[in-house]
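Reader: I would like a close look at one part of this structure. Please keep the answer plain and connected, and give the cut-offs for any term you use.

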Amino acid sequence: MSQYDKLGGQTLRDPSNGASRLFMSQVTVHQTEVCLPSGIGAMEADECQIDPRMCEGSVEE
């Protein structure tokens, strides 16, 4: 089984469940440490959506 990381309707990667859990855990740690959202959404029904605007790294002050 795999989980899918998607941008719109396009699948960017489809790692195994274990690799996906590890990646999502790392994303959570990094978001917490830098106090910025990653743009990577929660895993729901074996898919997570990615928001490219949030991944750009630009922050409005």
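With which residue does Lys6 form a salt bridge, and how far apart are the closest N and O atoms?

Author: Lys6 forms a salt bridge with Glu47, and the closest N and O atoms are 3.5 Å apart. A salt bridge here is a side-chain nitrogen of Lys or Arg within 4 Å of a carboxyl oxygen of Asp or Glu. This is a predicted model, in which local features need pLDDT of at least 70 and side-chain atom pairs count only at pLDDT 80 or more, while totals for chains, interfaces and linings use all residues. Residues are numbered from 1 along each chain as its sequence is written, and side-chain values use heavy atoms, with hydrogens and water left out.

Strands (E, at least two residues) and helices (H or I, at least four) are DSSP runs, numbered from the N terminus. Lys6 is buried, with a relative accessible area of 17%, whereas Glu47 is partly exposed at 30%. Buried means under 20% relative accessible area, exposed over 50%, and partly exposed in between, computed with a 1.4 Å probe on protein chains only. Side chains of opposite charge can pair when their charged atoms come close.

S1 covers residues 4-7 and pairs with S3 in the parallel sense over three bridges. Two strands count as paired if DSSP finds at least two bridges between them. Glu47 has a part in this pairing too, as the bridge partner of Tyr4. The sheet is open, with three strands in the order S2-S1-S3 and mixed pairing. Its edge strands are S2 (10-13) and S3 (47-49), each of which pairs on one side only. Neighbouring strands are turned by 40° against each other on average, direction ignored; the axes behind this angle are lines fitted to C-alpha atoms (for helices over the stretch in contact), and angles run from 0 to 180 degrees between N-to-C directions.

S1 and S2 form a hairpin with two residues between them, and Gly8 in the turn has a positive phi of about 65°.

Asp5 and Arg13 form another salt bridge, with the closest N and O atoms 2.4 Å apart. Asp5 is buried, with a relative accessible area of 2%, while Arg13 is partly exposed at 31%. By the same rule, the count comes to three salt bridges. Asp51 and Arg53 also meet in one, at 3.3 Å from N to O. There, Asp51 is partly exposed at 21% relative accessibility, and Arg53 is exposed at 63%.

Most residues other than glycine have a negative phi, and most peptide bonds are trans. Ala45, though not a glycine, has a positive phi near 50°, and Asp46 has a positive phi of about 65°. Ala45 is exposed at 77% relative accessibility, and Asp46 is partly exposed at 32%. Ser38 sits in this loop as well, and counts as buried at 18% relative accessibility. The side chain of Ser38 reaches the backbone nitrogen of Ile40 at 3.0 Å. A polar contact of this kind is a pair of N or O atoms within 3.5 Å; within protein, one must be able to donate a hydrogen and the other to accept it, and residues adjacent in sequence count only if both atoms are side-chain atoms.

As for cysteines, the structure holds zero disulfides, a disulfide being a pair of cysteine sulfur atoms within 2.5 Å. Cys48 is buried at 0% relative accessibility, while Cys35 is exposed at 65%.

Finally, confidence. The mean pLDDT of the chain is 84, and 87% of its residues reach 70 or more; pLDDT is the predictor's confidence in each residue, from 0 to 100. Confidence is highest in H1, at a mean of 91, and lowest in helix H2 (residues 52-55), at 80.
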